Amino acid sequence: MALNLASQIGTLAGTQIPTEVTNGEQLSSGTVSASAVWRAPAANLRCKTSQDTVSPPSLTPPLTPRSPGSRSPLMSPMLRPDLSAACQAFTTLAPPETVEEEAAGVAWKEGGRKEEKRGVPVYVMMPLDSVTYGNTLNRKKAMNASLHALKSAGVEGIMVDVWWGLVEREAPGAYNWGGYAELLEMAKKHGLKVQAVMSFHQCGGNVGDSCTIPLPKWVVEEIDKDPDIAYTDQWGRRNYEYVSLGCDTLPVLKGRTSVQCYADFMRAFRDNFKHLLGDTIVEIQVGMGPAGELRYPSYPEQDGTWRFPGIGAFQCYDKYMLSSLKAAAEAVGKPEWGSTGPTDAGHYNYWPEDTPFFKKEGGGWNSRYGEFFLSWYSQMLLDHGERILSSATSVFEGAGVKISVKVAGIHWHYGTRSHAPELTAGYYNTRFRDGYLPIAQMLARHGAVFNFTCIEMRDHEQPQDALCAPEKLVRQVALATAAAQVPLAGENALPRYDEYAHDQILQASSLNIDGSSDDREMCAFTYLRMNPSLFQPENWRRFVAFVKKMNEGKDAYRCWEQVEREAEHFVHVTQPLVQEAAVALSH
């Protein structure tokens, strides 16, 4: 008897997948070794293709923010041409039921061999609106099908934004985990690990934001009463993306400081999901600014305020930040430096040479005042990160999870002397000063992971008149994390589905700096993002091969052409599943 779709997918993954029928009985399902599809290589196979032979895609890659082989022996007896019409309800696609079956389910990505795990595990970001404004799981059937497809492809896990503005929306201390509980349990059933992001920022107004989730209502009400709780630029523009770090030690949110609010939120998350911590939930990424990144909201896209590749603007003009600046200036015996931030640093969309402060010759950034201000501005950001990290490590102590922090990949104008966009964001990085080593050292003190973006980008893809240099920036961060002995993880900044970007990620994640990195690799890579485009046939084929290569590790002696042939076999069998996932996600 021909096997149903769920059984075929289970056969391919080496797992048994029970399928419910109308009378509630279980259909039998077969199990075949995964090595039939993902065959182990010959011991002397060393035909790894050089990365240099890859040609760039014919289409122009996106710019940074506006930041056939033979058929598988399994196919003929099992895959019917009418199978795609048989994909009806993805709730029938249940995950492995036992530990043994779950282990078999991931055997393909180990090549069928029992050995120490190596390579860079790949996680996939979930849609920003995975949980609805009504605290329910969005597109449940599509989510179930998609998670099953990701697991079958060898993905390690998923990244989920846990929005402060959804969970604690109505009142202080009133947490509604609806939707998240269902999503996390679904991930567990599919054998996927979870990176949970404590998202204390607003969704909407940044690169790639596809929906709007404001801060909790009661927080917005407090900001409306006291606008200085919001970050403010020199023209008085208030930014509601994230509470100003100037309020870190002040009880401006109904008797609590913002850091206390974040700690209470994390504590409630820990208590509610303690049964999943360390097993399913393996990482807590702590949001520390706009887009969840440790930075100031210096380049807000909302309402067209900023456009790439503008230098951005300093965000230190709320009364709480100015009070700190005044105290710092008085402490160094220069009270005249404490009344305001730089007034000659241009506007959001200026370029460095358009401004007296950032110009290369005689710019204020390289003066005694500039050194004072930029040191204070960046130290305030580091202190903010330190406070939140202290809370996070205390809350999750003994929980068996990693703590990570995301740092923005601000690569435009990197080739200038002042690195203006990095300076306005709070990274005191110039041609003469390393701004990422202090961040890495701060994370190392708390045993946290340094998560960095723009891993997929190449220098020549970006506008050279803006002196963009993402590859050089990634190299600098890799060196800083190596010096501080802190783990480095990566993300792609923009959606990319082409092999050219995948190969760049493979190269960057290997941490082969100057041709040598010993045994060091990135500890994880998170792929942006799960959406209908990912499950399009060609994109899915490339993605499956990419995940396999990442899992192999940089010292694997595999032939990439063989890996790609194996991926094509795998993709052919899973086509009905991913095809339906793509359709379901589109609605």
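Reader: Which backbone atom does the side chain of threonine 453 reach, and at what distance?

Author: This is a predicted model. In it, the side chain of threonine 453 reaches the backbone nitrogen of glycine 409 at 2.8 Å. A polar contact needs N or O atoms within 3.5 Å.

Reader: Where does threonine 453 sit?

Author: Threonine 453 is in the loop between strand 8 (449-452) and helix 13 (470-484).

Reader: Is threonine 453 buried or exposed?

Author: Under 20% is buried. Threonine 453 has 3% relative accessibility, so it counts as buried. Beyond its neighbours within four places in sequence, threonine 453 contacts Glu293, Lys406, Val407, Ala408, Gly409, Val474 and Glu491.

Reader: Where does UniProt place the feature "active site"?

Author: An unreviewed UniProt entry gives Glu293 and Glu491. They are spread over 199 residues of sequence but cluster in space, with a largest C-alpha distance of 12.2 Å.

Reader: Is glutamate 293 buried or exposed?

Author: Apply the cut-off again. Glutamate 293 is at 4% relative accessibility, so it counts as buried. Glutamate 491, at 1%, also counts as buried.

Reader: What does glutamate 293 touch?

Author: Skip residues up to four places away in sequence. Then glutamate 293 touches Met288, Tyr299, Lys406, Ala408 and Thr453. By the same rule, the contacts of glutamate 491 include Lys406, Asn451, Thr453 and Phe525.

Reader: Which side chain makes a polar contact with the side chain of glutamate 491?

Author: That of lysine 406, at 3.1 Å. Lys406 is also in the UniProt record, under "binding site" in an unreviewed entry.

Reader: What is the setting of arginine 529?

Author: Arginine 529 is in the loop between strand 10 (525-527) and helix 15. At 16% relative accessibility, arginine 529 counts as buried. A polar atom of its side chain lies 2.8 Å from the backbone oxygen of methionine 126.

Reader: How many residues of helix 15 are buried?

Author: 13 of its 16 residues are buried, so helix 15 is largely enclosed by the rest of the structure.

Reader: What span should helix 15 have?

Author: At 1.5 Å a residue, helix 15 (residues 537-552) should span 22 Å. Its end C-alpha atoms are 23 Å apart, which agrees. Glycine 553 follows helix 15, with a positive phi near 90°.

Reader: How should I read the nonpolar core?

Author: Start with the general idea. In soluble globular proteins, nonpolar side chains tend to be buried together. Here the largest nonpolar core has 162 residues. Leu150, Phe269 and Trp540 have the most contacts inside it. Helix 10 (residues 368-395) gives this core its largest share, 13 residues. Another core, of five residues, lies apart from it, with Tyr123 and Val449 among its members.

Reader: How much of the protein is buried?

Author: Of its 587 residues, 58% count as buried. The accessible surface is about 22,800 Å², and carbon and sulfur atoms hold 51% of it.

Conventions
Residues numbered from 1 in each chain as written. Predicted model: local features only at pLDDT ≥ 70, side-chain atom pairs only at ≥ 80, totals over all residues. Heavy atoms only, no water. Core = buried A, V, L, I, M, F, W, Y, C linked by side-chain atoms within 4.5 Å. Buried < 20%, exposed > 50% of the residue type's maximum accessible area, 1.4 Å probe, protein only. Helix = DSSP H or I, 4+ residues; strand = E, 2+ residues; numbered from the N terminus. Areas by Shrake-Rupley, 256 points an atom, 1.4 Å probe, with all protein chains shown as cover. UniProt positions renumbered as here; feature names shortened; annotations may be inferred. Contact = heavy atoms within 4.5 Å. Polar contact = N/O pair within 3.5 Å; in protein donor to acceptor, adjacent residues only side chain to side chain. Expected span 1.5 Å × (residues − 1).
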